[in-house]
There are 4 protein chains.
Amino acid sequence: MATIPAAKPGELIQDIAHLGGVELLTPKPDRSLLYFKDVLGMEVVHTEGTSVYMRGYGDYATSTLKLTGAKTSGVGCISWRAVGPEALARRVAAIEATGLGIGWIDGDFGRGPSYRFRDPDGHLMEVYYAETRYRAPDHLRSTLKNLPQKYTARGVNVRRIDHLALLCKDVAANRMFAERALGFRLHEQVRFENGAKEIGSWMSPSQMHHQMAYVVDIKGARGRLHHLSLWVDNREDVLRAADIFAENGVFIEAGPSRHNNSQGFYLYSYEPGGNRVEVYSGSYLVFAPDWEPVIWNEEERGTGVYWGTPLPESFISYGTPDVDAAVPAELEKIPVFDPS
Amino acid sequence: MATIPAAKPGELIQDIAHLGGVELLTPKPDRSLLYFKDVLGMEVVHTEGTSVYMRGYGDYATSTLKLTGAKTSGVGCISWRAVGPEALARRVAAIEATGLGIGWIDGDFGRGPSYRFRDPDGHLMEVYYAETRYRAPDHLRSTLKNLPQKYTARGVNVRRIDHLALLCKDVAANRMFAERALGFRLHEQVRFENGAKEIGSWMSPSQMHHQMAYVVDIKGARGRLHHLSLWVDNREDVLRAADIFAENGVFIEAGPSRHNNSQGFYLYSYEPGGNRVEVYSGSYLVFAPDWEPVIWNEEERGTGVYWGTPLPESFISYGTPDVDAAVPAELEKIPVFDPS
Amino acid sequence: MATIPAAKPGELIQDIAHLGGVELLTPKPDRSLLYFKDVLGMEVVHTEGTSVYMRGYGDYATSTLKLTGAKTSGVGCISWRAVGPEALARRVAAIEATGLGIGWIDGDFGRGPSYRFRDPDGHLMEVYYAETRYRAPDHLRSTLKNLPQKYTARGVNVRRIDHLALLCKDVAANRMFAERALGFRLHEQVRFENGAKEIGSWMSPSQMHHQMAYVVDIKGARGRLHHLSLWVDNREDVLRAADIFAENGVFIEAGPSRHNNSQGFYLYSYEPGGNRVEVYSGSYLVFAPDWEPVIWNEEERGTGVYWGTPLPESFISYGTPDVDAAVPAELEKIPVFDPS
Amino acid sequence: MATIPAAKPGELIQDIAHLGGVELLTPKPDRSLLYFKDVLGMEVVHTEGTSVYMRGYGDYATSTLKLTGAKTSGVGCISWRAVGPEALARRVAAIEATGLGIGWIDGDFGRGPSYRFRDPDGHLMEVYYAETRYRAPDHLRSTLKNLPQKYTARGVNVRRIDHLALLCKDVAANRMFAERALGFRLHEQVRFENGAKEIGSWMSPSQMHHQMAYVVDIKGARGRLHHLSLWVDNREDVLRAADIFAENGVFIEAGPSRHNNSQGFYLYSYEPGGNRVEVYSGSYLVFAPDWEPVIWNEEERGTGVYWGTPLPESFISYGTPDVDAAVPAELEKIPVFDPS
């Protein structure tokens, strides 16, 4: 196991700039596409094979969501953009040191060379730096010079990708991997049994509250997705999203309401392919360089809501793919990550 | 002149964590206090001499606003928190190399050793790392474990300090100083005369759009404040702030409306001491590590609004202190900063 | 039984102008007062015996909420303002014809002669016309000439009383009483068992969606309150109310969320005395003079929410006073109302 | 002149239910159509000649906006729905008594027999009762049983028609006509010169603050439109409308901001044909049956804004059609209305 330490105060080196994109797998690609395009208001920028590449109007990158037709739902590859070539090299070295590296690919649509790896739970990820800058076609050019694309006012019109939450068997191991291999910092955590059991960890490469969360998979499965989250600017936009979901027969699992941890204002839906998609606003920026992670125990965490009706049981139990078989054979082969 | 370069892609070293606090000078301290406490809903945490130390409910620091009775309005000391001791040392070295360093002080209320300096225009600043963590007294304890203080729902109830805008004689010189001495990155800029004249620059140590802006002082004065900005979470909160200002006889100079540059949703008031204070929401995070600053020319910038009624002339001409005499004698003595 | 018919198209005589006020009974008057004054932001205008008279900043009447210390929770007298002396006389005649009239009193604080009666379920009500116009004291004078009182920005700061919902044994009988005795129109209705069983009826004297609802008391009790509702102007104000409730330990039963019937955006809390109080916005005005009441069956009604998490079971079962004994002896003596 | 008096307390007979629809004239019908359909999100329900009939998703009537290709901009026929056949007869009698009646027509699309007349300034109006109820086609059916049409989430997606403001030579005469012929009540008024000069009057047939305003035409013209107003439910929706207008090159004359009189939250645009169209929310309901009209003098009225930047000069001077010639010959022939 590598000895590359996590970042510490005094050396706030941020090697990962942000979540660059997420690939979602869907067994109902046509209906999923309608959900993201017409209901959420995202734009299609490219099509290749069974994959459609999409973007939010505020994403500076060309594409932040890759929708891929597949046998099951779930998450495909999760892409992280490094801040530069040296940072990328540093992260690749750190990843390789964990034994979980896979290798370089030429890069998916719009991106340069990307190094692929799996996290200890088996989620496929990649880091990259080079990327083609998005230039909006005429009909999608904004009147705001600092906005990469027109606000089209179609459906929810999500602004950009925000974060994702992954289910995993061993939260601690995956959290430590993200700290060491990616340089993420831990901002909040749920720990049960007097702190002995790590239930969930919310992490970020920057002052954003979280760009990735690891949450325990109570089915003991591996490599599953809890949710992908897309940003809107105000809480009223989230309420409006609920209205739009209700008018269009989109299943709303929970919200609009407010989490206690993260303070995020959430609305959880299932896109037609079965993946949980959140429309999200609020939360807070973590400014303190010596931030002490906020740790919630059983009682403090409650059901995870700050107000009102508790989250339904499915919020804990459901993930994609919606498996009974705990661990796909393919993921059983992943090398063991020993964070000690 | 120092040779410490600005941060570049591949080496995203963030030495300054965030704006730690701003001291405002007021000739009407009692009325200014009522404005910040009862109208904006901030809390008083400490009093010393003619100074009152205040905070927003979401500020993790003990105090982010120091209100000091003085003969004139204007800005006192502007404090920047470093990410750690090494970062602090690095920044002090960089500042000293510019010839604009002043020296160490023990630290203002709640802070450890702080290194003071002036920017080329003469604004007094300091960098520090050590700081006492805020612990809310019982009556101000929030039911949210991740919120440093209770949301009291008094008046506007601003969440936290956001940024400040400083007037200066030479925007380019001050902007370059901030890049080199503080490690800030330039996110947006207004340049007139085919790019030859730098009118304003919006800068940040992090993914926040800006924590400091330099804007040209059309009176040719030095060391003046354009505005201090306080954050609320939603645009509706800004509208509500306008209602509250109108009910309480607070002068509203402009807004609520939306800027084109920064996309910020603004409401500008003058606090009773004369300083321009903004209630602010919106804007956007700058994720791209290779962000190309957005540059606005005369035509594109217009009056700086994205919609509706132009900003009034005072928005360009008024700053604090509200001087006729261009440059205070004390500021004339500041060493010349030569960014070349 | 009287033969005064309900209003019909072509003769839209509106005799009741609006809900004038509601008296709430509370076994914890001090804590209830803090809830309405400091958390909801209402103003105290008068105190008499164990009663405190309060108002919202937008209420034109002097007082719209009377909080009375009592052994149990529940609703005291419900007051309806007539549009004028002749309308008042007409309504008194109609009420007397039902056999449910009680008689004239001098009038509660701020009101002239009032005629008291009970609805068939036993809720105490009164109609009146004369009323002292509210004149705000200096410190509560608004800068808006058309606003009766300053928007104080304390707590939730509800604007005005909106409506109330009453539990009753026989919804149809009470609904018909309101139509005939008060001239209310039915706007929406829940009917189960192929329309045979009237579960709830939402009624109004005007274009407001409802100022009174009758809902079946599943405990078979009489004279109970389901909720009192207070208005805020925007959905974001309701979200903010939830934040304020959560910070102040106020029990939130449900919401913020959106009903399907009425389309109202709701937040239900229990005030310290136990009464359910709603912070409310949205819904819609009923413009059509020939409006056909919207009738919801079991399936359409569902749990009464348009989105997200269902209302809790308590929303159906809980009312005030929170009785086991079905019907207070005093209410058993009310004459039977036969709407046939 | 007729002797039919305005409604008085005690006899609140409401004969006009609401504003049924407005015909707008446009010299650029194609572009105007795109504005109302794609930018404002209204639906086309019918086309006839150069006219397109449209509706908001919350309008219960089939069509509330008739867009008619014409040589100039301006308002065509303004339609008021009576509460029933008897009310209609009563209003026709009252109108005929003023000498301004024109006569019966069969009724425009979706309406039964309508009686046409002109107000003293020459604006063409009609009253009617019979109307075809709107039934949404399948693709526009809402999941809300009490919503006449699906919320399509296209563009601004205005909910319904709200009110209109008419310019006129003699505000008092037109206001008195509306009181007597239509039974409207006066809710607010601007009077200059110690009350001698009536500048504007805001009137309503119901508890809505205003469904029609008469404002003095400073060009001394006749029959012109100041603006047509369309409703959205929350202030945030108005802000979002401004974003959408700005992205689509729609001219924004003023707002989003808040009026002092009416308290309305406004956004004024010019549709491509030149007519001023308002996206509107807020204001307040007038509950008091003995409401004393709020009267604003020069100083109190100011520029008509509650906060921030004053309304531009065009708000006073511009109306449609945008005439220099004061009075069209056709309108000079209208009989004189003598309200004395």
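Chain A can be laid on chain C by a turn of 180 degrees with a shift of 0.0 Å along the axis, and the RMSD is then 0.0 Å, where copies are superposed by least squares on the C-alpha atoms of residues with pLDDT of at least 70 in both. This is a predicted model, in which local features need pLDDT of at least 70 and side-chain atom pairs count only at pLDDT 80 or more, while totals for chains, interfaces and linings use all residues. Residues are numbered from 1 along each chain as its sequence is written, and chains are lettered from A and ligands numbered from 1 in the order in which they are written.

**How the copies are related**

Two copies of a chain are related by a rotation about an axis and a shift along it. Chain B is superposed on chain A by a rotation of 180 degrees with 0.0 Å of shift along its axis, at an RMSD of 0.0 Å. These two copies are thus related as by a two-fold rotation axis. The same surface serves both of them, since 100% of the contact residues of chain B recur in chain A; two residues are in contact if their C-beta atoms, placed from the backbone, lie within 7 Å.

For chains A and C, 100% of the interface residues of chain A are also interface residues in chain C, so these copies meet through the same surface.

**The side of chain A that touches chain C**

Here 14 residues of chain A are in contact with 14 residues of chain C. Helix H4 (235-247) and strand S14 (251-258) of chain A each supply at least two residues of this side, helices (H or I, at least four residues) and strands (E, at least two) being DSSP runs numbered from the N terminus. The largest share, 5 residues, comes from H4(A).

| Class | Side of chain A that touches chain C |
|---|---|
| nonpolar | 9 residues |
| polar | 3 residues |

**Chain A as a whole**

Chain A has 7 helices and 17 strands, and its C-alpha trace spans about 50 × 45 × 40 Å along its principal axes. Among the contacts in chain A with a separation of 6 or more, 67% join residues 24 or more positions apart.

**Helix H2 in chain A**

Helix H2 (residues 85-98) of chain A has 14 residues, which at 1.5 Å a residue should span 20 Å, and its end C-alpha atoms are 20 Å apart, which agrees; the expected span is 1.5 Å times one less than the number of residues. In H2(A), A:Ala87, A:Leu88, A:Arg91, A:Ala94, A:Ile95 and A:Thr98 are buried. Seen down the axis of H2(A), these buried residues fall within an arc of 130 degrees, so they line one face of the helix, the arc being that of the directions from the helix axis to the C-beta atoms. What covers them includes strand S1 (16-26), strand S5 (74-82) and helix H3 (171-182) of chain A. After H2(A) comes A:Gly99, whose phi is positive, near 80 degrees.

Note on methods: Ala, Val, Leu, Ile, Met, Phe, Trp, Tyr, Cys and Pro count as nonpolar, Asp, Glu, Lys and Arg as charged, and the others, Gly among them, as polar. A residue is buried if 20 or more other C-beta atoms lie within 10 Å of its own, exposed if 12 or fewer, and partly exposed in between; C-beta atoms are placed from the backbone.
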